[in-house]
Amino acid sequence: FQAEDGIRDSVASRGLGDVYKRQGIRPEFVNFSNEGIEVKIKRVSNTGRHKVIDTECSSGIIKILTNASAEIPSDSAHITFDQKYTYVYGDDWIIE
């Protein structure tokens, strides 16, 4: 199918929203962990129900969405991605 933003996909949408396909993962599927990608905490915004955490790693910026009550590490942390919602893309196509 062809998404509104012109990204072609070899499989039907999996409910993640077509606007997020280029990013590959939505911020609510990123989790703090004891191991994984090392990031620096750049900014934490409390929206009331959630916190939006801007982090930075050697490859770029990664946003994380957590519950407002979640404890956020200071300065640096490690993150992982929920594998159920993580896809690999090649030439704008999901690689199965």
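Predicted model: local features only at pLDDT ≥ 70, side-chain atom pairs only at ≥ 80, totals over all residues.
How many bridges pair β2 and β3, and in which sense do the two strands run? They pair over six bridges, in the antiparallel sense.

β2 and β3 belong to an open sheet of five strands, which follow the order β1-β5-β2-β3-β4 with antiparallel pairing. Strands β1 and β4 (60-67) stand at the edges with a single partner strand each, so one side of each has no neighbour in the sheet. Direction ignored, neighbouring strands of this sheet are turned against each other by 45 degrees on average.

To follow the order on screen, begin with β1, which covers residues 30-33 and is joined by four bridges to β5, residues 76-81. β5 is also joined to β2, residues 37-46, again antiparallel and by four bridges.

| Residue | Stands opposite |
|---|---|
| Phe32 | Ile79 in β5 |
| Lys40 | Ser76 in β5 |
| Arg43 | Asp54 in β3 |

**A lysine to look at: Lys51**

Next, find Lys51 in strand β3, which spans residues 50-57. Does this lysine count as buried or exposed? Lys51 is buried, and it has no salt bridge. A salt bridge here needs a side-chain nitrogen of Lys or Arg within 4 Å of a carboxyl oxygen of Asp or Glu, while the nearest side chain of opposite charge, that of Glu71, is 8.5 Å away from Lys51.

What does the side chain of Lys51 reach instead? At 2.9 Å it reaches the backbone oxygen of Ala70.

**A loop residue: Asp75**

Finally, move to the loop between β4 and β5, where Asp75 lies. Asp75 counts as exposed because its relative accessibility is 63%, and exposed means over 50%. Lys51, by contrast, is buried.

Conventions. Residues numbered from 1 in each chain as written. Heavy atoms only, no water. Pairing = 2+ DSSP bridges. Buried < 20%, exposed > 50% of the residue type's maximum accessible area, 1.4 Å probe, protein only. Lys, Arg positive; Asp, Glu negative; His and termini not counted. Polar contact = N/O pair within 3.5 Å; in protein donor to acceptor, adjacent residues only side chain to side chain. Axes fitted to C-alpha atoms, helices over the stretch in contact; angles between N-to-C directions.
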